[in-house]
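Open the model in your viewer and keep the sequence panel beside it.

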Amino acid sequence: MSINAEEISGLIKKQIENYQAELEVSDVGTVIQVGDGVARAYGLDNVMSGELVEFSNGVMGMAQNLEESNVGIVILGPYTEIREGDEVRRTGRIMEVPVGEELIGRVVNPLGQPVDGMGPINTTKTRPIEGPAPGVMDRKSVHEPLQTGIKAIDALVPIGRGQRELIIGDRQTGKTTVAIDTILNQREEDMICVYVAIGQKESTVRNAVETLRKHGAMDYTIVVTASAAQPAPLLYLAPYAGVTMGEEFMYNGKHVLVVYDDLSKQATAYRELSLLLRRPPGREAFPGDVFYLHSRLLERAAKLSDAKGGGSLTALPFVETQAGDISAYIPTNVISITDGQIFLQSDLFFSGVRPAINAGLSVSRVGGSAQISAMKKVAGTLRLDLAAFRELESFAQFGSDLDKATQAKLARGQRTVEVLKQDLNKPIRVDKQVVILYALTRGYLDDIAIQDILRFEEELYSWLDHNRADLLESIRTTGKLPADDDMADALKTFKKTFAKSDS
Ligand SMILES: Nc1ncnc2c1ncn2[C@@H]1O[C@H](COP(=O)(O)OP(=O)(O)OP(=O)(O)O)[C@@H](O)[C@H]1O
Ligand SMILES: [Mg+2]
């Protein structure tokens with residue numbers, strides 16, 4: 001029997017035509033109410049929750065509230081053109097975004113459309129933005145370090161690949177800087193970064209992209225942005241779009257870092273949208289499912305098992321507090337979902353301790369197992385020492401004559417604070433961090449004046465680069481602390497060259 005290609009293609013064509021006709025009859029509705037980014041439509045009886053719908057002028061929407069007589073739709077674009085009585089059509093698709101390598105180096109909106117004026121993005125694949133998180137059996141415990149390049153984080157609250165670490169603080173406490181510096185430090189780490197900017201000023205996002213580009217970090221970074229000027233539904237969708245783009249790489253065995261800057265603005269956008277959809281408000285007027293909003297997002301961070309390719313997706317969500325109140329609704333929610341938090345405190349920031357990390361209130365619940373052994377050795381007790389120093393410091397203000405031991409402790413504490421300070425956009429490689437922390441904890445800095453510490457550190461790094469590159473190399477490749485003799489020898493030789501200032 002011979003197959004007639006023409007006949008078959010004719011049949012298929014006919015079927016496709018009929019199929020479309022059928023779809024059109026039952027899947028068109030009418031807009032009965034529209035306003036503020038939300039529309040209600042009648043007649044979309046078969047629509048799915050979260051399905052994309054198209055208005056007659058081409059603007060897309062997403063079905064949210066499925067009620068008996070009508071459907072609540074959030075409008076994903078300019079809504080002023082949509083009128084009562086307009087047609088609205090099902091697409092049969094769940095909301096998806098383009099994914100793949102082509103997005104790297106680009107700035108896109110939450111729908112995956114480019115907003116950087118660098119032309120179209122020719123992706124071939126898409127993924128639905130809502131997806132199940134990997135199950136328990138598909139996961140492995142977090143064990144590889146994610147080097148942020150920020151001494152205070154890598155030493156005190158280390159982050160592992162696949163972890164979720166909350167960064168929380170008031171406005172203007174250096175939150176975004178932590179995100180950008182962490183991305184900058186991934187240059188040699190074979191990591192893909194996704195920076196999701198939610199509800200920020202367009203100029204702020206522009207500056208961030210500029211900084212990333214200047215340091216060559218856009219070569220491995222995707223920026224997803226929904227600025228403050230965008231409608232609330234886009235702000236609500238942005239983190240899901242970002243994690244979806246990251247997941248594509250994770251499931252292909254790569255390591256991904258996704259930064260959500262910040263989730264409080266997403267929660268606010270979601271509150272706006274929910275109130276417009278007339279969902280019942282709860283505490284602080286947030287809808288009842290605001291916890292689920294963040295939990296289903298952050299659950300998608302994972303370290304995959306070897307059978308699944310061993311990829312990882314690390315999530316760094318940000319939350320902005322009001323007047324340092326970490327016990328407000330959204331902060332407590334997100335604290336309970338994540339594996340630890342880094343608390344940035346404004347009074348520390350203003351007193352010049354930058355990054356302004358409060359060591360007492362910051363914690364990383366899985367990070368310890370994800371530190372290289374050299375770092376664990378030098379920084380093991382640093383966090384507790386620092387907390388003890390803060391306590392001692394406040395006592396010492398009262399008494400004038402302190403005994404030798406207390407004075408020594410205070411001196412060490414002041415040097416610790418000084419060493420943990422770090423300028424912005426200057427991430428430091430872990431091997432150098434280990435050396436300076438070794439010098440600190442083994443007392444090599446005790447006879448250096450506080451105001452010399454910064455210069456000591458900088459000169460030490462460049463001296464090491466020129467004279468003891470082998471030492472750095474061995475820390476980097478083996479992850480182990482070199483023998484004490486070797487370290488002592490290097491530090492003593494360097495100290496001979498270091499000129500103390502007169503004061
Ligand atoms: N380690 C640092 N050293 C010096 N300056 C810093 C440091 N970190 C942040 N800054 C400065 O502090 C300012 C605020 O930083 P940043 O924008 O990161 O804070 P933020 O908490 O994200 O602010 P916002 O609440 O506006 O988003 C910036 O001008 C930045 O240059
Ligand atoms: Mg910021």
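Show the contacts of the protein chain, meaning heavy atoms within 4.5 Å. Among contacts between residues at least 6 apart in sequence, 74% join residues at least 24 apart.

A word on ground rules. This is a predicted model: local features need pLDDT of at least 70, side-chain atom pairs count only at pLDDT 80 or more, and totals for chains, interfaces and linings use all residues. Residues are numbered from 1 along each chain as its sequence is written, chains are lettered from A and ligands numbered from 1 in the order in which they are written, and side-chain values use heavy atoms, with hydrogens and water left out.

**Whole chain**

Switch to cartoon. You have 16 helices and 19 strands. These are DSSP runs numbered from the N terminus: helices are H or I with at least four residues, strands are E with at least two. The C-alpha trace spans about 90 × 65 × 40 Å along its principal axes.

Now colour by burial. Of the 503 residues, 52% count as buried. Buried means under 20% relative accessible area (1.4 Å probe, protein chains only), exposed over 50%, and partly exposed in between.

**Strand 17**

Select residues 312-320, which form strand 17. Why is strand 17 largely enclosed by the rest of the structure? Because 8 of its 9 residues are buried.

Two strands pair if DSSP finds at least two bridges between them.

- Select residues 255-261. This is strand 15, parallel to strand 17 over 6 bridges. Val259 has Leu316 as its bridge partner in strand 17.
- Select residues 166-169. This is strand 12, also parallel to strand 17, over 3 bridges. Gly169 stands opposite Glu320 of strand 17.
- Select residues 302-303. This is strand 16, antiparallel to strand 17 over 2 bridges.

**Gln266**

Move to helix 6, residues 263-276, and pick Gln266. Is Gln266 buried or exposed? Gln266 is buried, at a relative accessible area of 0%.

Show its side chain and look for polar contacts. Each is a pair of N or O atoms within 3.5 Å; within protein, one must be able to donate a hydrogen and the other to accept it, and residues adjacent in sequence count only if both atoms are side-chain atoms. The Gln266 side chain reaches the backbone oxygen of Tyr236 at 2.9 Å. It also makes a polar contact with the His294 side chain, at 3.2 Å.

Finally, display the neighbours. Leaving aside residues up to four places away in sequence, Gln266 touches Ile198, Leu235, Tyr236, Pro239, Tyr240, Leu293 and His294.
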